[in-house]
Amino acid sequence: MNILNLRQLIAAIAISGLWAGPASAFHIVIDPGHGGTDTGAVHSNIKEADLVLKVANKLKALLEKNEKFKVTMTRAADRNISLPDRVKLAEGSKADLFVSLHANAASDQRAKGVEFFFQNNLPPDEESLFLASQENQAVLNSMHATDDTSNDLSKKGDVAAIVEDLRRQNRITSSLRLTQTLTQTWENDVRSSQATIKQAPFYVISKTSMPSVLIEVGFLTNPREAKRLTSADYQSDLAQKIYTALVSYKEKVDKAEAKTLN
Ligand SMILES: [Zn+2]
């Protein structure tokens with residue numbers, strides 16, 4: 001490693017956006033999974049694509065009532081959008097956070113609860129890998145997409161490599177903080193179903209450069225949970241809890257930023 005020009009490094013970090021400027025609205029991309037001909041999991045007469053769009057719309061409505069947030073949806077209707085296009089949309093909008101919504105299916109009918117997935121560098125367990133391969137299926141149909149989001153660090157200078165590394169570390173730490181905040185919100189509510197943090201190489205949370213989470217809101221294969229998921233009240237409750245967690249996460253980010261600046 002060459003000796004770095006500190007001023008150059010600081011300038012690069014500032015440009016990279018790791019140090020956000022004065023607070024503008026916190027921009028969240030909500031990504032309702034699947035859509036159009038890709039229905040996602042279908043069980044007990046529930047289409048995953050429909051269910052997650054309903055929860056996404058409720059979450060969007062809550063966030064838009066709060067001026068601190070700005071929302072972009074990857075899809076607002078029942079339509080096809082490829083996984084690479086979802087990532088492109090998120091990257092293009094320079095969002096602060098990416099939240100993908102899905103519903104789970106398992107061969108064991110007893111499986112239940114909410115699962116929060118984030119992407120880090122640890123090897124995922126087999127079950128998570130299988131789920132990720134199911135959720136990633138759509139991308140196999142659009143493999144022509146060029147994988148230009150990956151970075152070849154060796155071609156870059158030291159400063160760029162360090163900024164890239166800081167950005168990646170920041171993304172992992174923030175994504176973990178986000179999933180922990182979500183889990184706490186679930187644990188604070190005694191009526192909640194169980195909530196688990198997992199990690200798996202889902203396409204959308206692996207390829208986005210901002211902190212991201214993929215939420216499996218429940219198991220369509222669990223008859224009791226499937227019934228609850230069809231209830232509009234329960235969908236609102238899910239949206240409300242995610243909203244509460246996002247508000248709490250943003251407060252943590254603001255506090256951390258204030259500390260850095262002081
Ligand atoms: Zn899904």
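Predicted model: local features only at pLDDT ≥ 70, side-chain atom pairs only at ≥ 80, totals over all residues.
Student: How many cavities of 30 Å³ or more does the structure hold?

Tutor: Rolling a probe the size of a water molecule over the atoms shows where empty space is left. A cavity is a set of points, on a 1 Å grid over the protein atoms alone, where a 1.4 Å probe fits but cannot get out. Here the structure holds 1 cavity of 30 Å³ or more. Residues are numbered from 1 along each chain as its sequence is written, and side-chain values use heavy atoms, with hydrogens and water left out.

Student: How much space lies in the largest cavity?

Tutor: About 40 Å³. That volume is the space filled by probe spheres set on the grid points, which are joined across faces, edges and corners.

Student: Which residues line the largest cavity?

Tutor: A lining residue has an atom within 4 Å of a point. In the largest cavity, those residues are Asp31, Leu83, Ser100, His102, Glu135, Asn136, Phe202, Tyr203, Val204 and Leu214. Sorted by class, the lining has 5 nonpolar, 3 polar and 2 charged residues. Nonpolar covers Ala, Val, Leu, Ile, Met, Phe, Trp, Tyr, Cys and Pro, charged covers Asp, Glu, Lys and Arg, and the others, Gly among them, are polar. Strand 5 and helix 7 (203-207) each supply at least two residues of this lining.

Student: How many helices and strands are there in the protein chain?

Tutor: Helices (H or I, at least four residues) and strands (E, at least two) are DSSP runs, numbered from the N terminus. On that basis the protein chain has 9 helices and 8 strands.

Student: What order do the strands of the open sheet have?

Tutor: Two strands pair if DSSP finds at least two bridges between them. In this model, 6 strands form an open sheet in the order 4-1-5-8-6-7, and the pairing is mixed. At the edges sit strand 4 (69-73) and strand 7 (195-199), each pairing on one side only. From one strand to the next, the twist averages 25 degrees.

Student: Which helix lies across strand 1, strand 4 and strand 5?

Tutor: Helix 3 (residues 83-92) does, and it runs at about 170 degrees to strand 1 (26-32). Such angles run from 0 to 180 degrees between N-to-C directions, with axes fitted to C-alpha atoms, for helices over the stretch in contact.

Student: In which sense does strand 6 pair with strand 7?

Tutor: Parallel, over 5 bridges, with phenylalanine 118 standing opposite glutamine 199 in strand 7. With strand 8 (residues 212-219), strand 6 (residues 114-118) pairs in the antiparallel sense over 3 bridges. There, phenylalanine 117 has leucine 214 as its bridge partner, and phenylalanine 116 has isoleucine 215. Leu214 also turns up in the lining of the largest cavity.

Student: Where does serine 44 lie?

Tutor: Serine 44 is in the loop between strand 2 (42-43) and strand 3 (46-47). Its phi is near 45 degrees, a positive value in a residue other than glycine. Asparagine 45 is in the loop between strand 2 and strand 3 too, with a positive phi of about 60 degrees. Serine 44 counts as partly exposed because its relative accessibility is 49%, and asparagine 45, at 83%, counts as exposed.

Student: Which residues is alanine 226 in contact with, leaving aside neighbours within four places in sequence?

Tutor: Contact means heavy atoms within 4.5 Å. Alanine 226, in helix 8 (residues 223-229), is in contact with Ser44, Ile46, Phe219 and Leu220. At 2% relative accessibility, alanine 226 counts as buried. Its C-alpha atom is separated by 9.5 Å from that of lysine 112, 114 residues apart along the chain.

Student: What does lysine 68 touch, not counting residues up to four places away in sequence?

Tutor: Lysine 68, found in the loop between helix 2 (48-64) and strand 4, touches Ala25, Phe26 and Lys250. Lysine 68 and serine 24 are 44 residues apart in sequence, and C-alpha to C-alpha they are 7.6 Å apart in space. Among contacts in the protein chain between residues at least 6 apart in sequence, 83% join residues at least 24 apart.

Note on methods: 1 Å grid on protein atoms, 1.4 Å probe; cavity = no way out; pocket = protein on both sides within 12 Å on 5 of 7 lines; lining within 4 Å. Buried < 20%, exposed > 50% of the residue type's maximum accessible area, 1.4 Å probe, protein only.
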